[in-house]
Amino acid sequence: MTLISLPESRAEAEALDEVDPLARCRAAFALPEGVTYLVGHSLGPATIGAMEAVREASEGAWLNDRVGAWNSADWIQLAERVGGRIAKLVGADVSEVIVCDSVSVNLFKLAAAALPLARTRRLVVETDEFPTDQYILEGLSGVADVELIRAEPGQGLAQLNGGVLVKSLVNYRSADVADMFADEAAAQNEGGWIVWDLSHATGVLDVQLAKSHARLAAGCTYKYLNGGPGAPAFLYARGDVAGELSSPLPGWMGHAAPFEFTSDYKPKHGAARFACGTPPILSLAALDGALKVFDDVAMRDVQAKSRSLGQMCLMMAEGMGLDIASPLDPQRRGGHVSLRHPDGYPLVRAMADWGIEADFRTPHTIRLGLSPLFLSYAEIWDAMSELAEIVETRSWDTACYREKAIVT
């Protein structure tokens, strides 16, 4: 990947915005004036398309057609249709992705389905993995009476030994990116399986599941895909292995013929077999509308801009007294950058009062999400300049900023 030349002034940042192929996407977002939103890696902002889709589904189909909308508005196929749209963003076939449940539930289903096919009955997760991934595997190990290995960071593959590993493509704290191609080759060579968590990668990186020979993955849709708070997750099962997998939660919507109401279970073809309960139509409609912003957008451009914005942040962070906690090599970094400060929480609170919304991860990490579809180079230049002033003047050092909210 070739990065653009980093700006050395605000004027140069504005010049980059003039030639940015993604600048037109900003108009699709319902963002307030005076706010620089650097939390798209946690919850993407509302899009105009999502709001319109929810109104159409609720005030149109639900209001006018009621239960008939399952047919008239084709709600019954919506989860698969939206899954197909996401498939195009992660380098998969449209039949290999289904939108359903949450990331936690999907990781459980996929890891449980992979266990009978793995060479050894063991589950592996690294100790710096996102907490829910660790909790889910701990729960599955108890239910399935399977050994759980908690590997040191970076040692999951070394401990795999033909078992099942749950691994994030992008580390939620550092933004470090795993080598999916190499890791898959190593795992498959010894009879092991990897369930990839794409939550911090989808919609910001040029994920290539098919080219990387990945077989199983799950991810959320409320971060860079802007699907809305609590939007349903997605699940990927590669076409040539999906038929070998049995969901541990064989629900009605994963049945090949749900409206025949038979007592025996016959799974659908492909990833759709992992659908479980009735899909949340209003949330799915919002996600479907939000995905319109990705129409005619090349994911290589999205990835390139995000990493350029990240380099810009790291360049400007030098000399602020902040420790850099993300890879300096842009090709090893996802869509956010992490900085550390002993008083990171009050600093983030002070930033918010300046109109710069970021997030904090205990004990000292400040995360800045670089969503390339709505952020500009000039905006990031201004935000980092203001951050430097906040750090220098210690305007964060007040009691009101130290009082923690429930959600950080």
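This is a predicted model: local features need pLDDT of at least 70, side-chain atom pairs count only at pLDDT 80 or more; totals for chains, interfaces and linings use all residues.
The open sheet that I would like to begin with has four strands in the order β9-β10-β13-β12, with antiparallel pairing, where two strands count as paired if DSSP finds at least two bridges between them, and where strands (E, at least two residues) and helices (H or I, at least four) are DSSP runs numbered from the N terminus. Its edge strands are β9 (323-324) and β12 (359-361), each of which pairs on one side only. Helix α10, residues 299-317, packs on this sheet and touches β9, β10 (336-340) and β13, contact meaning heavy atoms within 4.5 Å. The direction of α10 makes about 20° with that of β10, the axes being lines fitted to C-alpha atoms, for helices over the stretch in contact, with angles from 0 to 180 degrees between N-to-C directions. Between β12 and β13 (residues 365-369) there are three bridges in the antiparallel sense, and Asp 359 stands opposite Arg 367 in β13.

Residues are numbered from 1 along each chain as its sequence is written, and side-chain values use heavy atoms, with hydrogens and water left out.

Let me turn to helix α11, residues 344-353, which is mostly covered, with seven of its ten residues buried; buried means under 20% relative accessible area, exposed over 50%, and partly exposed in between, with a 1.4 Å probe and protein chains only. Among the buried residues are Tyr 345, Leu 347 and Met 351.

Strand β2 (residues 97-99) runs antiparallel to β8 and is joined to it by three bridges, with Ile 98 opposite Leu 235. Strand β7 (residues 216-219) is also antiparallel to β8, through four bridges, and there Ala 217 stands opposite Tyr 236.

I will finish with Trp 252, which lies in the loop between α8 (239-242) and α9 (281-290), and which counts as partly exposed because its relative accessibility is 38%.
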